[in-house]
Amino acid sequence: MGIISTIMGAFGFGIGTTIGIVIGYFMFIYSQPTDVKDPDIRPLVEKDSKSLEQLLPEIPVWVKNPDYDRIDWLNKFIEYMWPYLDKAICKMAKKIAEPIIAEQIPKYKIDSVDFEALTLGCLPPTFEGIKVYNTEEKELIMELGLKWAANPNILVAAKAFGLKATVQVVDLQVFACPRITLKPLVPSFPCFANIHVSLMEKPHVDFGVKLLGADAMSIPGVYRIVQELIKDQVANMYLWPKRLEVQIMDPAKAMKKPVGILNVNIQRAMKLKKKDLLGASDPYVKLKLTDDKLPSKKTTVKHKNLNPEWNEEFTFVVKDPEAQVLELNVFDWEQVGTHDKMGLNVIPLKELTPEEPKTFTLDLLKNLNPDDVQNEKSRGQLVVLVHYKPFKENEVPTNVEDSDGVQKAPEGTPAGGGLLVILVHEAQDLEGKNHTNPSARILFRGEERKTKVVKKNRDPRWDEEFQFMLDEPPTNERVHIEVTSTSKRMGLLHPKETLGYVDIYLSDVVSNKRINERYHLIDSKNGRIQIEMQWRTSS
């Protein structure tokens, strides 16, 4: 009986299980809702941008945003360089982290913290696109779409009380949109002084952590807490407008700010050559410091004199005494036509001893080529007294040029007035009917100032500065800036023509202290000119 009951029980269980599965299947089928609608199928062209982004979440940023550009070349470059970049980045990170760790571990009674393994893996980051902002300031602003699915191996071991604990970071994912600003732009390599990094939105950061060899992220609730904590902490530190600033070089040195004053006394010239038909010359000296944006300075003209005496003083601001050179050119003044060059010479500032006046008797040369036999011919001599005075620590000006600020007016500025500074930077898309040799002409209160002529150039760059000392703010006045083209070719019916002009009202300059704008030129098809203005006061 026992065997028979056992067989019957197993047979009954099998039949019951089968019947239960069949009943459950039919109940599942017939319990499904019958009012399900068919999906809305439409061509992709009829979808809006939001729907397309939901359908294609991994679509590149340069497809979604037309103002982003592809940078496949950069990704290819990083891919080839990644084995070397990985080692360099890890070495730098280790060098930065070790002193910080050494300073902190005594507070927690930890014996040591060491990197047993440190590598970012073999998968480089990928930049989906780049957006560059065009500003008129001395800066370069870029926004990048960054995606990085890495396989790093960062293993940190801590020892305390004879015990050892390890923490390992693996499987890193970072999705971010950083804004990188290089400012100020300077004329010294690498051509920018600081890097500013901000995040335009909260980043997505995902990684695995192994604590003592066990996966710590598998603990219920830990993964979500860590995710939100990292997002919030990174956002609080670097989400725009907050930023991380990395200094590449000293901005004061990079901008070549003033380090001293050079006093030059043009005393006299001797045995100059005759240039005029009547057997005389009308000499004057033109002097300039290299790398100085200000126009050249001139002595007075000494008419009909081959041994003139001037005894005239000039002052220059020195920014780089090791590289700057004082250029001296002697000309013969002509009432009509160009002035004839009588000779030239230079004085390198590195040859000067600070605080010691030195007199130079310079032979006038044809040019600065030491191998030119024409320099052996006598053209006369020029006597110059030069005195270089470097600033002392308490004399170094703190109000020198800054990309975002305005320096103060010099001593002697009228109390109720100030110094109007006009900087003519560049022009674009100029076009003359007969020739395009542009120069800019500034007209203000009856005074006329001119930039140099840039020959055969539709996009000239001048970077010249002009100053006007005023007794009162020019609130209700305007400045007229005209771009002209001149040609000395014989036979032209129009040797001079206007390429465009602009009138700029000065009320904004006085109220804001500084403007830097690009203006469309009137009477020009596409011409534009960039003008920066500053209103400097003594207060």
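Are Phe-444 and Phe-468 buried or exposed? I found that Phe-444 is buried, and Phe-468 is buried as well; buried stands for under 20% relative accessible area, exposed for over 50%, and partly exposed for what lies in between, with a 1.4 Å probe and protein chains only.

**How I read it.** I am working with a predicted model, where local features need pLDDT of at least 70, side-chain atom pairs count only at pLDDT 80 or more, and totals for chains, interfaces and linings use all residues. I number residues from 1 along each chain as its sequence is written, and side-chain values use heavy atoms, with hydrogens and water left out.

**Aromatic pairs.** I looked for rings of Phe, Tyr and Trp (its six-membered ring) with centres within 6.5 Å, calling planes under 30 degrees apart stacked, over 60 edge-to-face and the rest tilted. By this rule I have 3 aromatic pairs. One of them joins Trp-82 and Trp-148 edge-to-face, at 5.9 Å centre to centre and 80 degrees between the planes. This pair links distant parts of the chain, 66 residues apart: Trp-82 belongs to helix H4 (residues 72–104) and Trp-148 to strand S3 (residues 140–150). I noted helices (H or I, at least four residues) and strands (E, at least two) as DSSP runs, numbered from the N terminus. Trp-82 and Trp-148 are both buried.

I then returned to Phe-444 and Phe-468: their ring centres are 5.3 Å apart and their planes at 75 degrees, so I call the pair edge-to-face. Because Phe-444 lies in strand S20 (residues 438–444) and Phe-468 in strand S22 (residues 461–470), the pair ties together parts 24 residues apart in sequence.

**Out on the surface.** Which helix holds Tyr-80? I found Tyr-80 in helix H4, and it counts as exposed because its relative accessibility is 60%.

Next I looked up two lysines. Lys-377 sits in the loop between strand S17 (358–363) and strand S18 (381–390). Its relative accessibility is 57%, so Lys-377 counts as exposed.

Where is Lys-392? I located Lys-392 in the loop between S18 and strand S19 (418–428). Lys-392 has 52% relative accessibility and therefore counts as exposed. I also checked Lys-392 against Val-259: they are 133 residues apart along the chain, and their C-alpha atoms are separated by 8.6 Å.
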